Each structure stands twice: as structure tokens, then as C-alpha cells.
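Have a look at the picture, then read on.

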Amino acid sequence: QDNYTFAVVPKAMNNPFFDLARDGCEARAKELGNVTCLYIGPVEHEATTQAQIIEDLITQGVDGLAISVSDIAAATTVIDRATEAGIAVITFDSDAPDSTRTAYVGTDNKLFGQDLGKLLLQVAPDGGTYGVISGGAAAPNLALRVDGVREALAGSNWTEVPGSPTFSNDDIALAVQQMGDLKTANPDIKAIVPVGGWPMFAPDGWKNFVDQYKADVDSGALALVVADTLPQQLQLLKEGYAHGLVGQRPYEMGQKAMDTLLAIKNGETVDEIIYTGNDVVTAENVDEFLK
Amino acid sequence: MTKEFGAIRALSDVSFEIQPGEVVGLMGDNGAGKSTLVKIISGIYHPTGGTLTFDGARANIGSPGEARKLGIETVYQDLALADNLTAAENIFLGRELKYNIGPFRFLRHNAMNARASELFAELKSETRAGDYVRQMSGGQRQAVAIARTRLSDAKLILMDEPTAAISVRQVAEVLNLIHRLKEAGIAVILISHRMPDVFAVCERVIVMRRGTKVADKAIANSSPEEVTALITGAKEAA
Amino acid sequence: MTKEFGAIRALSDVSFEIQPGEVVGLMGDNGAGKSTLVKIISGIYHPTGGTLTFDGARANIGSPGEARKLGIETVYQDLALADNLTAAENIFLGRELKYNIGPFRFLRHNAMNARASELFAELKSETRAGDYVRQMSGGQRQAVAIARTRLSDAKLILMDEPTAAISVRQVAEVLNLIHRLKEAGIAVILISHRMPDVFAVCERVIVMRRGTKVADKAIANSSPEEVTALITGAKEAA
Amino acid sequence: MAGSTVQTFSNVGRTRFWQRGFLASQSAYVLAALIVLMVVMSLLSPNFLTAGNISNITRNFSFIAIATLGITLVIITGGIDLSVGSTIALSATVTSIVMGSMAAANFYPFPGSSLVISILAGLAAAGAVGLFNGLTIAKLKLSPFVTTLGTLSMVRGLVYVATQGRGAFPTGPDKDLFLLVTAGKVFDVVPIAFVYLLICALVMWVALNHTAWGKHVFAIGSNESAGRLTGVNVDRVKIQVYVLCSLAAGLNGIIISGWLGSAPANLATAYELTIIAAAVIGGANLAGGVGGAAGAIIGCILIEVIRNGLVLARVDPYWQQALVGAIIVAAVLVDRLRSMRNG
Amino acid sequence: MAGSTVQTFSNVGRTRFWQRGFLASQSAYVLAALIVLMVVMSLLSPNFLTAGNISNITRNFSFIAIATLGITLVIITGGIDLSVGSTIALSATVTSIVMGSMAAANFYPFPGSSLVISILAGLAAAGAVGLFNGLTIAKLKLSPFVTTLGTLSMVRGLVYVATQGRGAFPTGPDKDLFLLVTAGKVFDVVPIAFVYLLICALVMWVALNHTAWGKHVFAIGSNESAGRLTGVNVDRVKIQVYVLCSLAAGLNGIIISGWLGSAPANLATAYELTIIAAAVIGGANLAGGVGGAAGAIIGCILIEVIRNGLVLARVDPYWQQALVGAIIVAAVLVDRLRSMRNG
Ligand SMILES: Nc1ncnc2c1ncn2[C@@H]1O[C@H](COP(=O)(O)OP(=O)(O)OP(=O)(O)O)[C@@H](O)[C@H]1O
Ligand SMILES: Nc1ncnc2c1ncn2[C@@H]1O[C@H](COP(=O)(O)OP(=O)(O)OP(=O)(O)O)[C@@H](O)[C@H]1O
Ligand SMILES: [Mg+2]
Ligand SMILES: [Mg+2]
């Protein structure tokens, strides 16, 4: 049995989301035995650095690459170079559909956004105004999520406030500040939908914010529907600090990435699109996820 | 040639004139406003009031560059040297010697170094043209600043304490230089605290005290004692 | 008290000594190495070779701070002033006057300003203690540097061209000051290019040329003409 | 001799009151710009001047203002510290980790011990960074820019290494106390971070203006060799200044992590530029020798008011970034008025 | 008079060859550090010295090296330009947008016209940023740090506004030609970016050392008021220097976007610190008056070799960042050897 080294290249290493993908990948690599998981990417979200690291990995002669694409066109160029060099390439979390990558493992971001929107409709069917918090303005998957939210809410009584989405640049402190800013700028705002978990990654900052409007949140007059399902978010949800979460499955992305790359190496055919699915969590089912 | 000045706080209503080939000594206590006066003539400061006439026409000197173009050269008290350039580069700063290759102009390093060495030799100064000004002694720095005025055909040369830091033998050379300038019809304003120097080369001496002109008289009618009294304020005016 | 020096390129085998209460003039052409010598004594440069004896003991002066502690005060040729502080703050830099509140020590601004004004008055200098050095005239800056040496009980004061930029009446005050220092038993090394000053206050004159000592003789046995000849190299040694 | 202290100079008029002291400083002019900006913002958005928003603004700028005070000291000596952002993250992380491991080990010698020890550990880690910077810059004489750029990267790397990129959370028996002393509000209105800021600023103002140490800091920035020649212990002051800067950043980090309830590994990434900008806008001069506590705070307020105001005014988020830049330049431009008036 | 030009000084020995010129410069010592580092890296990873990797390294450092040349000019005058990263993104974006809209409009006056016009548009946009910086700094006399921090933010904001955050990519009939002139390889080995770099560096070296303009640049950095007093047109030179810096960054941006086949809106975020670090490591002095083309390139190579080598050596990525910082400091430390030897 051959030994393989598969590299997992996140968009940015400073994002806790990708840590879960790394954990999944490392766990699965250990189970498989003949696979090494090499987790490396740019520290901050920046397309050129990611491309340069991928080039270095090509030079190093890794056997497979799983890339969370930072910029579609830029990644397409390097992915094509990698496949030319005979390396198995898949994308995860964020795709470059026109490249020569063999498969995409991850979330359907449009669908993910739609799930967020639907969850909001379910939590607060009456409608009103809502604001969205996004991460980096340049991230294609986040743009798809925002579109998804808008699509799901089109035709309903929900309207988006001006100045939305705000961009937190994955800065957790800034994301919490923007929660406050949105509410202050629009005192009658009825819902805030962060399309990534940033503000809740700061549990006490989030609590501080919610506590100011605790009555509204409890009564549902201020609906909080947030992306991602990290443990601290589930805890907050359980304590009544949010109404619903829609989660991706980064851990599974890491696992499936290893499986898929190994399958390609073994000459098997794989599906081009492998969705890992979404988790929709509300107060009802939160205990299942908290285990 | 007439120059009139209004006052910036350091200078109130000072006015005087100087003719081609005339050497005027400007004396006064520390802080009397001598350097300020020089800086106005050479275009660094703008007078708060008053006018400046040069070559018969009213001159509006907006910058040191313009002053230079009019033919006014200055040795500044703080010397105005770029530490990270060599002596030669400092001397030629702003009017480098160049040769052309097509549309491009390149520096004539050797020619500039040679000319700078000549100028130092003329001043009997032991200053090496290729040395960085950064590592020069106080007197060598002053020699560089003085050498700078020798490059162009100036009409008026302002020297703000040019002999302060240089040694006896070069002081003589600088005084010689002033004599030669005078013969060539160039007007010189010499600021100095050294009474003998002023009395050796100047025809006229202007004394300032606390921003005002207290005397303007021919050397022949004056004496070192009188000037000293004027500077210290022991004598009010002359 | 003996001082011996080895050579850094600018200084080769210069050695001399000075007694308490003695005033020695140090003369020489520009770039002769006078300031370098001063900087070695005051701890800025370390001699490449040679030793330094102070108060009978061999002194190893590692920094200007140590020199100060030994009782060596210096007026540097480049004055060493912090432009963004006032004259008073510069004078007291490194030995501020303070009062205590519990464990904390705070500055006595008024006392320092008053003392600084006194020092300027003593030097007959028109320098305002509260003005920033940045906006001072050349002579005012020099007055600040000289006033600085008056603060402590120095044993040896090095003055590198202290009178270069200051006006006639203060020159007299500085020379007076040197006389008083001498009477108080303080040794002074005076570097100057002004022959009359050196002959007015010094007992001995040391002449340097190109890094070597060419003469070391009592003023009484010498003359300005001889010293000039030694400086220029017209006379080889004495 | 008595008369000498009241020397008068016939050619010296009195400088007018606006040409002297605070009113002639850059800080005063930036303060004027800030006030104009606040008026504009309150016209654009009725919510700008609400109590809640003012409390938000106060808290937000307090987060960077303590670090800005520290970096102002460094800038006055003519140095720079690019590692403040990383140091903020380091002290936050160390505090959380120590608190967490004390809880795990059930080590709890005295009431509040976990709080005190973990905060001290965080500050010690920050101080160590400052000591490294200071020693390298003062003793090895490396350029502050390169040195602290190196520590920026080193310290951030260590934070990632220590937490495997995950960041850390304050936990354990003293967590509530920790939140109280970092994120609490005095009298339910004034964020406690603001109180810390005021204390730090006051101490700094006294130290800069009324102690010998402060004069030495200015002297080093204005002419380092003059400081050395007059016997100021330049190296020691420099080291102190870098240590203080890192401690200030560390304190800031602990406060932020208390407010967030989390010390993410990417906390305060790229804050160094904002913090330096705040100091410079408030009048600190990167060439050294100029700066002060009041200015630093004004600079921080200005930056936060711009950010907050644009969000409240519902400006298109893509335009916000462009406007932040433009307003910063405009705010500094008012300082030209000063130079023009004072000649 | 003839003899005067060969004056000799009895007390002046000849400086030894290693105490003069390039060998006594910081660049030479950093070059030595670089060589040591390359030997270490090649021992750690067998792939380091392969032709493919050397070509990669060459291309990667060329990406930032042209901008580093530009910023070196600015640093020599005693200024700083924090907006280079944003300018890289701007010119890349403008080039792509213009190319795309010419394709959309089917406007194609002469062969290669889309290439030429779009590249010129990109450079013009970059030049405009430089002109703004230069005018603001030289004429309004604002601090370079604050001004360019403002443009950093403004320009990045405009890139987001122009592309709605999505970035742009080169398209149209001349796309292949565009890729050829930006990402191609000469003789199939030498990245074309490296050729551009060499040309720029050579021009810069000649300009700095053999033209009056170059001496003026040094004079401004070493004593601005002296430059002004001797009639150097300080303002004009400063403006030129900032425009050149932005043009260099713009050229870099176009080359990077050609290699990536894309101009993402966050292209080159935070590159300014790396670029300034490269210039400073290569010997440029932020206080002004010192710097050069060779040093700038050596600094860039050093930074890229560290990055690339650590990836190839499979160092734990969390440690990589810490090591990058440490090695940068160590590399500059060798410069202390120089100061110690030359006294
Ligand atoms: N930029 C400035 N701002 C404010 N005051 C200034 C400025 N420059 C000079 N002064 C003040 O103006 C007065 C005159 O200064 P100036 O330099 O003209 O004196 P000076 O006659 O040249 O003296 P010296 O013989 O010492 O060189 C001094 O009191 C000085 O403090
Ligand atoms: N840091 C340095 N590096 C190299 N050479 C130096 C340095 N400092 C001084 N020199 C050289 O040493 C020589 C002596 O300089 P020094 O300053 O001691 O002269 P000086 O006798 O004080 O002259 P002056 O009367 O002009 O002040 C000069 O040739 C000078 O160029
Ligand atoms: Mg003067
Ligand atoms: Mg000297």
C-alpha cells in the first residue's frame, strides 16, 4: 500500500472554522494509516499568498491537494498547474468550478443562505427589517450566502436595511461591534443574520449585546439567526441568546477530503460535487448537537 | 540697490542698502536678528511687511532657489549641509556638472571632485572632497559651506558667521576671498562677532540690537570700541 | 593627572597632562583632531590604544555619563542640545531638580527656570529660559551649552570652541568665567581658533597638527606668531 | 540677581494665548476637527448622540486607547512598535490559558487568586515582549521597525502555536469576576475600560511633563546623542518605554478578551496600523520628540467616531472604507491651519 | 593648482577594501546572511535548490521587488508609503476592468490595443494615487505616514466599490498576450517578471548614483532644509518619488494579476509591511538618506527564501510565522557585525 501526503489549504489559518476541518482531516488520516494530512495556508485571507503556497506544495511533490479557494480565478490558474504536475486536486468549503479540480467537498453556499433565510421566516414569520453581517467583501462563498438569504426572504415581509451587509473582515471584535452598530443605526431592526459565526465566537461580547435588548430577544421582537454551529454558539443558543443556527460540517469536510483524495489516487471515480450538508439547530434540537 | 524690511517679531523696521563691490559688516548681540535678516534676503522667510529691491527692480524672493537665480549666494549659520553626501556633492548640490548621453544627463563625478579639491586648496582647508560631511570636523564643514558660494557668478554674497569654526590660517583666506569678491564688483554682507575681521575687510558696519538697526556707519568713522558699545547697548545709537 | 592616548586614525600618540586650576589652550588646524581628543576624554569615543589617568587613578571612561560622574564637564562643538526642550530643560537634562511626594519625584519647573535665567544673566546672554532651543539663534544655543557646565562641581571642564558663535560682550564673560573656574581650582581645556582668547586666559598652549601634538609650551614662552606658524605647519615643532 | 529672573526683551512681544501650550498643539486642532465631525455625524444620524451609542463609542475606543498611550511613548523617543497587535493577542491568550489551567488543576490558593495570577501572567508575557524589543533596539541597536516587525510575526506565531490556532477562553471559578473587572460598567454607565484609560492617561501625563524621566523621553526623541552626552541613561529609558508600550497593549488585550469572553488567535490582527495612526493623528511625530497623552486619546476617539458614524449613517459598506481614509487625511489637514496661523 | 587635487594627508590611512563601498554596506552583510540561509534551507529540503523551485522563488520575489524598489526611493527621501498594497490591487483591478470592458464593447482599434490601453489605464490609476500622495505630502506638508495610511484605506475602498467586492479578472482577445507579457518565461526558464525587475533596478541604480536627481533624493532624506536652501526643488522631487513608488506598485500589481489570472479585491492586503520590511532589511534607513536598489532586491529575496524554505522544509505552519519573524531579526543582526568592525 502506498503512502500519501495530502495537503489541506485553507483560505486563512486564523479562522477557527478551518481548525475543525483540520481536525477532521487529521483524524481521518490517522484512521486510514497510509495518509498524512498536511495543513497549511496563508495566515490571513489573501489570494496571492495562497497561490504561492500551493506552488510550493507542488514543488514539494505532495500527492493531493484540498483547497478552500480564496479567489476563483486565481485558484483556477494554480489548480490547473497542479493537475498538470499530476497532483490530485479537490476543492473544499469554497469552489472553483471552472478549474480542473476533480471534485468539490463542502457546503452548498446558496442553499446555506437560503436555510438561514428560511429559518428566520420560521422564527419570525411576521417580517420587518433585517441586517446581515458578512466577513471579507471579497469572499465568493459569503456573497453566495448573502444572496441565498435574500432569495429566501424575497416576497416575504422582510426588507434589508441600508448599509447591510457589514463586513467584519473575520475580525471577531469588530463583528460584535457591528451588531451594536446595526441595532443603534436601525433601532427598529427586527432581525440580524450574521452569515458566519464571528460575533458568537466572542460569547461574552455577544451576551453583552443581547442583554441590552433581552426582552426583545426573548419575545422574538429581535430575531437572531446565525450561521455556524461551534460549541460555544450551541451553548449560547441553549441559554436563549439566539433563536436558531445553521451549521456547516467542517469536520466532515476534512474527513471527506481525505477520503476523496485517496479514492482518486486509487483510481476510483468520485462525484464531482459532494455536499456535506447543513445542520439547522433551534432550541428544540440543540441538546442533540451539544453532546 | 535698496532693501527695506518690515518686522517679523525678531526684526522691526530695519532698512539699509548695499552697492555692488561694497562689503558691509553686520554686527549685533546674539539673538539681535542678524540671521533672520539674512534669511529674509535669501528667501527662507517672508517679511511680514516691507519690500526688497534688487538690481533696481522690486524683488519678490519666494524661495532660496529664486534667490540663487537672482545671484544671491548665502553661507548659512547652520551651514545647510546634507550629512549623507560627500563634500563635493554638497558643494554642487542643485547645480551639478553633467554630461549628456542622448536625452539623458549624467553626473561628472571626477570633474566635481577635482573642482571641489581646488576650491578647498584655494581656501587652504584640509578637507577631502570625497569624504562624507557626516564625519567631518566643524571647521571642515564650514569650509564646504563657503566653497559652495564660489561656484556661481553671484552678485551678492551673504555670509553668516563664515569664520566661526575655522582655524587662523583659513580665516585669513576667507578675508582674502572677500577682498577678491569686492574687487570683482560683488557685494558682500559679512556677519561676524570678530571685531578685527569686520574692521579688516568692511567699508561700512551696521549694528543691530534687539531687532532694530542702531547704527550704519563707515568703518573709517568708527572704532571697535564704539561698535562694541553699540552692540552691548552702552551707547544707544550712532 | 596624566592622560595618554593611542591613536585612532585621527589621533596618533598624543599625550599631555593638566593640573587642577590650570587652563590649557588646545589649538590646531581644522580636522587636526582636537574634537576627537575631547570626545575621548569625555567618554564618547574609546581610544584605540593608550590610557587615561584621572585624579591619580587610571580612569576607564566608558560613557559620557561616567565622565560626568567623575567631574568632567564638556561643551561640545555641536552643542548637544535637544531641540524640542526648552533652554532650562536642556541645561538641567540628566540632573533635574526634583521634589518628593512620597516615593515619587517631580520636577521643580520654576526653580529650574529661575536658575537658568540666573546663569544666562551671569553670562550676559539674552536667552530666555523658557524658549525652545529649536527656535534659538546660534549664539543663544551656545550660551545654553555653556550654562550647562556651571551646574555641577566639575574638576575638569572641556570647552570645544565655546566662543565660536557668541557676541563680543559674551566672549568677555566666558573668558571671565574661565578665570573664575581657574581660581576655584578647576582645570579647563579650551579649544579655540581665536588667538587673543587663548592668550588672554591660558597658561599653556598645546598645538596639534594632523593628529599629532607638535607643541606644548607655556604661554609666557610663546607668541601668537609662533603658534600660528605651528598650526599652519610653517614651523615644524617646538 | 533677583532682577535677572524677570529679564524683559524689548523686541519680544507676548505670544498670543492661542499660539501657546495646548491650544497651539496639533491635538487641539484635531480636537476641533473631531467636534465638527461629531456634529456632522449627529446630523446625519439621530442615533449618534444616544446614551447607548456614546457608551459604545467610549468602550470601543478604550479598547485601543491604552495601547495607543503606550505606543505614543515609543513614538516620542523616535521609535515605533509594530508588535502591539500581536501583543494584545498574546496577553489575552496567556491570561485565558492560565485561568483555564488553574481551573483544570483546581489550584485556587486564595479567593480571586485565579484572576490575579492569570492577569499577572498575561501582563508578564506582554512585558517580556517589550523587554525583548527594548533590549534588541537599545542594546543591539537594531532598527525599531525591523525588530518589532519581527516580534509582530514571532508573537503571533507563538499564539497560534500555543492554541493550535483555536484561541482560548477565560474559564474557571473567577470568570465572572474577570468579566466584571474588564467588561463591567461603573454606575451602570461608564465602561470600566474607560476608567482604566483615564488613570493610565493621567499617570502618563504626569510622568511626561513633571518628572525627569519624561524629559528624558522627549530628549531621546529630539536628539538621542545629546541625551547620551548629557548623561541620560538612554538605553534604560528606551527599554522602559518599550516595556511600558507592551504592558499597555497587554492590558488592552486582557480588557478586550474579557469583553469578548474569548481570546481568538487572530485577535487584534493589523491593529498596529490603526493604533499608530491614532497616535500620529493625535499629534505624536514619528520623527520623535513630540506627542502626548491627550492627543493619543483624541486620535482614538476620532478613528472610532468615523467608523461608528459611517455605520450609523448607513453609508454603503463598500464606500465606508474609502471614506474612513479620506476623513483621516482631512482631520490631519486641519493641523495645517495651525502651522499657517502660527507661522 | 594641479597638485591640489592630489593633496595627501599624513594622518589619513587608506580605508581597507571591506570598509568601503558595497562591502561596507548593510546590503552586503544581509547578502551574506542570505547565502547562509540558503545553504541551511538546501540542507533541510532537497527540493529547495531544484530548477523549478528557484524559478518559483525568482518569480515570487519579483512580485514584491519592483514595489520595493519604488518604496526604497520614498524611504531614501525620509518618507514612507503605506498605500503600496492597495495600489497593487488598484492597478490590477483597473487593468482587468478596462480589458474586460473593451472586450465587451468590442473596441479594438489596433492589434494588441486592448493590452496596451488596459495596462496604461492600470498604471495611470496607480500614478494618480502617487500624485495624490505626493501633492499632499509635498505641498500640504502632511505626515507621509498618515497620508498614505489614508490612501491605503481609500484606494482599497475604491477597489471594493468598483468591483462590488468581487474583484475582476483579465478577459478579452488579448488575454493570452497579457498572460505572456506578465507571467511568461524567457527561454522557458527565467520568469519575465524577473527581467522587468532587473531593468527597473538598473535604471534606479543609474538614476540614484549618476544623476543630479538621485543626489537630490539623497539630499532631501539627509537634510531636507539644506536641500531647499541650495535651490533643490524639494517639492517636485518628492512628488516624483511618490509617483514612481506608486507606478512601481502598479506595475507589480499588473504582473501579479497576470500570473494569478485574476485581480481579487483583497489582492496584496497587508503587503505594505512586507515590502517596507524588505527595503529596510536591504539597508534603506527609515530616517532617510540611505538606501539602494541592490539592497531592496536582496531584502525581497531574503523574505521569500524564508517563506518558501519553511514551507518546503515542512515546518509546522504555526511555527513558520514565529520563525519568519525570528529569522528577519537575525538577518538584520548580522548588520551589527558591520558596525562593530567598521567602528
Ligand atoms: N523660527 C523662529 N521662531 C521663533 N523665534 C525665532 C525663530 N528664529 C529665530 N527666532 C528668534 O528671533 C531672534 C533673532 O534670532 P536670529 O537667529 O536672527 O539672531 P542672530 O542675530 O543671528 O543671533 P546669533 O548671533 O546668535 O546668530 C532670537 O530671539 C530667536 O530666538
Ligand atoms: N566619526 C568619524 N569617522 C571618520 N572620521 C572622522 C570622524 N570624526 C572625525 N573624523 C575625522 O577626524 C579628523 C579630526 O576631526 P576633529 O573633529 O577631531 O577635528 P578638529 O580638530 O576638532 O577640527 P575643527 O577645528 O574643525 O573642529 C577629521 O579629518 C575628520 O574628518
Ligand atoms: Mg545668527
Ligand atoms: Mg572640532
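## A residue in chain C

Ala147(C) is found in helix H5 (residues 138-148) of chain C; helices here are DSSP runs of H or I with at least four residues, strands are runs of E with at least two, and both are numbered from the N terminus. Before going further, please note that this is a predicted model, in which local features need pLDDT of at least 70 and side-chain atom pairs count only at pLDDT 80 or more, while totals for chains, interfaces and linings use all residues. Residues are numbered from 1 along each chain as its sequence is written, chains are lettered from A and ligands numbered from 1 in the order in which they are written, and side-chain values use heavy atoms, with hydrogens and water left out.

Is Ala147(C) buried or exposed? Ala147(C) is buried, with a relative accessible area of 0%. Buried means under 20% relative accessible area, exposed means over 50%, and partly exposed is in between, using a 1.4 Å probe and protein chains only. Leaving aside neighbours within four places in sequence, Ala147(C) is in contact with Ile91(C), Leu119(C), Phe120(C) and Leu123(C), where contact means heavy atoms within 4.5 Å. Ala116(C) is 31 residues away from Ala147(C) in sequence, and their C-alpha atoms are 7.7 Å apart in space.

## Chains A and D

The table puts two chains side by side.

| Chain | Helices and strands | C-alpha extent along the principal axes | Buried residues |
|---|---|---|---|
| Chain A | eleven helices and 13 strands | roughly 60 × 35 × 30 Å | 68% of the 291 residues |

Among contacts in chain D between residues at least 6 apart in sequence, 78% join residues at least 24 apart; for chain A that share is 74%.

Chain D exposes about 12300 Å², with carbon and sulfur atoms supplying 70% of it. Chain A exposes about 9400 Å², and there carbon and sulfur atoms supply 48%. These accessible areas come from the Shrake-Rupley method with a 1.4 Å probe, and for residues only the protein chains shown count as cover.

Chain A has 19 positive and 41 negative charges, whose mean positions are 4 Å apart. In chain D, the mean positions of the 19 positive and 10 negative charges are 10 Å apart. Lys and Arg count as positive and Asp and Glu as negative, with His and the chain ends not counted; each charge is placed at NZ of Lys, CZ of Arg, CG of Asp or CD of Glu.

## A helix in chain D

Helix H11 (residues 271-281) of chain D is largely enclosed by the rest of the structure, because ten of its eleven residues are buried. Among them are Tyr271(D), Glu272(D), Leu273(D) and Ile275(D). After H11(D) comes Gly283(D), with a positive phi near 110 degrees.

## Aromatic pairs

Over all chains, the structure holds 15 aromatic pairs. One of them joins Tyr99(B) and Phe106(B): the ring centres are 6.1 Å apart and the planes are at 45 degrees, so the pair is tilted. Rings of Phe, Tyr and Trp (its six-membered ring) pair if their centres lie within 6.5 Å; planes under 30 degrees apart count as stacked, over 60 as edge-to-face and the rest as tilted. Phe104(B) and Phe106(B) also form a tilted pair, with centres 6.5 Å apart and planes at 45 degrees.

How exposed are these residues? Phe106(B) counts as buried at 15% relative accessibility, Tyr99(B) is partly exposed at 40%, and Phe104(B) is exposed at 52%. In chain A, Phe17(A), Phe18(A) and Phe92(A) form one aromatic cluster.

## How the chains meet

No contact joins chain A and chain B, whose closest C-alpha atoms lie 38 Å apart. Chain A and chain C do not touch either, and their nearest C-alpha atoms are 38 Å apart.
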